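Biologist: Could we go through this model together, one question at a time, with the cut-offs spelled out as we go?

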Amino acid sequence: MKAISIRQPWAWLIVNGHKDIENRSWRTKYRGQVLVHASQGVKQSDYDAAYALACRLGIKLPHRLEFETGGIV
């Protein structure tokens, strides 16, 4: 099984079906299921950007300290 590491809160948005695209600088031919690994810690800048997106989409984003980190989510 393949896995991809993504910083929170982006990982939360993906596993909850609110974000369906993840852009990377490298290409892959792999298609199929993947595990989502949430990186350790949550940067304030990432939270602020995700919060702005969530507000536009009408999504209630959990508080910055409530995200699971450092493992498969």
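Biologist: Is Ile 72 buried, partly exposed or exposed?
Modeller: In this predicted model, local features need pLDDT of at least 70 and side-chain atom pairs pLDDT 80 or more, while totals for chains, interfaces and linings use all residues. Residues are numbered from 1 along each chain, and side-chain values use heavy atoms, leaving out hydrogens and water. Buried means under 20% relative accessible area and exposed over 50%, with partly exposed in between (1.4 Å probe, protein chains only). Because its relative accessibility is 48%, Ile 72 counts as partly exposed.

Biologist: In which strand does Ile 72 lie?
Modeller: Strands are DSSP runs of E with at least two residues, numbered from the N terminus. Residues 71–72 form such a strand, and Ile 72 belongs to it: β3.

Biologist: With which strand does β3 pair in the antiparallel sense?
Modeller: Two strands pair if DSSP finds at least two bridges between them. The open, mixed sheet has 3 strands in the order β1-β2-β3, and its edge strands, β1 (2–6) and β3, each pair on one side only. Ala 38 stands opposite Gly 71 in β3, and the antiparallel partner, over 2 bridges, is β2 (residues 34–38).

Definitions and conventions:
Helix = DSSP H or I, 4+ residues; strand = E, 2+ residues; numbered from the N terminus.
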